[in-house]
Amino acid sequence: MSETDTAVIRIHPADNVVIARRQLAGGTRLAGENVTVRGLVPPGHKVATRAIAAGEPVRRYNQVIGVARCDIAPGSHVHTQNLEFSDFERDYAVGADARATDYVETPAQFDGILRADGRVATRNYIGILTSVNCSATAARAIADHFRRDIHPDALAAYPNVDGVVALTHGAGCATGSEGEPLRVLRRTLGGYARHPNFAGLLVLGLGCETNQIGGLMEQEGLRENGLLHTFNIQETGGTRKTVEHGIALVQAMLAQADRARRQPVPASRLTVGLQCGGSDGYSGISANPALGAAVDLLVRHGGTAILSETPEIYGGEHLLTRRAATPEVAAKLLARLRWWEDYCARNDAEMDNNPSAGNKAGGLTTILEKSLGAIAKSGTTRLADVYEYAETVRERGLVFMDTPGYDPVSATGQVAGGANLICFTTGRGSAYGCAPAPSLKLSTNTALWQRQSDDIDINCGEVVDGAQSVAEMGERIFRLMLETASGRRTRSEEHGYGQNEFVPWQLGAVM
């Protein structure tokens, strides 16, 4: 039995593993590698191209992804049975690979919604935020009154309004009245309250919760006006009166919200949150580097991209410090990683307790391997700044926001920071959306696209198939970003995803 070089992907000449394009049977001869496969190797998984001694580093992307836990023969499947995490010295080389951005002379444009205060929206919603979980049911009842699938005529007179959404959560009480957990929750809610994709907003509470609306408004510098109303169930007189009052307030805002019109704006007004979930062995080969190529284009056109998921850059952070614009930026990134190490220690966890079961089934073995592939989403541009969770992003270019790796929590922080579009790569198949920001999903392999195209917006598996280069796919993604920002609906929007995926990061004890 024989195979051509197309059976595997070699990422770097110095690597001692290659990646299977498809399932490889034992006895398959990899002519270009001069090696014969030993046993079954699933698609996306690693094959040793030479003998690797126990304790020797295994290299992918010309980076260490772990060490051999036993001797590995050429042609062997390299995975959890013979590869393990091992810490190693990183060469942080701050700023060594940072380079000035080569901006384009004529930036691209998209059809955005220009708010009166100069902010630019990609969607036009009315939102309902809750201060506490206790007001979630009332908030959803208000939003449900305007659901087009339940009440087709509710918004018929307001074609320029994308919908009314309730973003509820499980926090807001049983926590300290001071300190980081409450500050972070309020910062997240404040970021959503200011988000340009909301033309109008209600903030609904119960009345007796720790997260008092007045405290939220004060911390975040928010003020009530004709498009921002606050009230609570206890003062309004119970659930029924609260729902009726909320519906009336939304009705009063709809006409003004409907006046929004799209107009050409430069791509510099686009802020894209970068996510990967359900990653596999192809993520770092196809969708993530292709998204990275799109990020490089976005930055050249003056836009902003937010890389996040701190536990999923662990072990690869040196690739980002090397691109840091200043030593201060690198120090901020490393400080967040030290915070995470302490956070894990306090909660009896470990930073290398990753990848997930699905990641491993897809071919990823260690957090080092996963992180290197995840960082590929950031492209090659310099790292301009580092932000804490849900902080407002003010710097343009590539930035980093400290978030967990859990996608809904991570993306919630990015949107709070100002992301008006999310790009989400997946190899195993993720079902996700993110109101009020549209979310594009990118598959890493064609098999996923064929199986779950109902949830995927673009198939980056064409890179693995050899039909498109990373650069060509990056150009396609960039153009799709602009089309989506201009109003083109994503698959997740068509399915109604977005309200349940609002998940603020809950820190600290729940008492």
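The structure on screen is a predicted model, in which local features need pLDDT of at least 70 and side-chain atom pairs count only at pLDDT 80 or more, while totals for chains, interfaces and linings use all residues. Residues are numbered from 1 along each chain as its sequence is written, and side-chain values use heavy atoms, with hydrogens and water left out.

**Two helices**

Begin by selecting helix α1 (residues 136-144) and helix α5 (residues 239-257), which pack at an angle of about 45 degrees with their axes 9 Å apart; helices here are DSSP runs of H or I with at least four residues, strands are runs of E with at least two, and both are numbered from the N terminus. The axes are lines fitted to C-alpha atoms, for helices over the stretch in contact, and angles run from 0 to 180 degrees between N-to-C directions. The pair α1 and α5 is therefore oblique, given that angles under 35 degrees count as roughly parallel, over 145 as roughly antiparallel, 65 to 115 as roughly perpendicular and the rest as oblique.

**The open sheet**

Next, select the seven strands of an open sheet, whose order is β20-β21-β19-β18-β22-β23-β24 with parallel pairing; two strands count as paired if DSSP finds at least two bridges between them. At the edges are β20 (383-387) and β24 (458-459), each of which pairs on one side only. Strand β20 runs parallel to β21 (residues 397-401), and four bridges join them; within this pair, Tyr387 is found opposite Met401 of β21.

**The annotated region**

Now select residues 15-84, which an unreviewed UniProt entry annotates as "domain: SAF"; UniProt positions are given in the numbering used here, feature names are shortened, and annotations may be inferred rather than shown by experiment. Over this stretch the chain is 0% helix and 36% strand, with the end C-alpha atoms 17 Å apart.

Val8 faces Ala20 of β3, while Val18 has Val47 in β6 as its bridge partner.

**Salt bridges**

Finally, display the charged side chains, among which 25 salt bridges are counted, a salt bridge being a side-chain nitrogen of Lys or Arg within 4 Å of a carboxyl oxygen of Asp or Glu. Select Glu33 and Arg10, whose closest N and O atoms are 2.9 Å apart. Glu33 lies in the loop between β4 (29-30) and β5 (35-36) and Arg10 in the loop between β2 (8-9) and β3 (17-20), so this pair ties together parts that are 23 residues apart in sequence.

Move on to Glu84 and Arg69, which form a salt bridge at 3.8 Å, N to O. Glu84 lies in strand β10 (residues 83-84) and Arg69 in the loop between β8 (63-68) and β9 (77-78), so the pair links parts 15 residues apart in sequence. Glu84 is partly exposed at 32% relative accessibility, and Arg69 is partly exposed at 44%, where buried means under 20% relative accessible area, exposed over 50%, and partly exposed in between (1.4 Å probe, protein chains only).

The last pair to select is Arg147 and Asp144, joined by a salt bridge at 3.6 Å, N to O. Finish with Lys46, Arg60 and Glu369, which salt bridges with shared partners join into one network.
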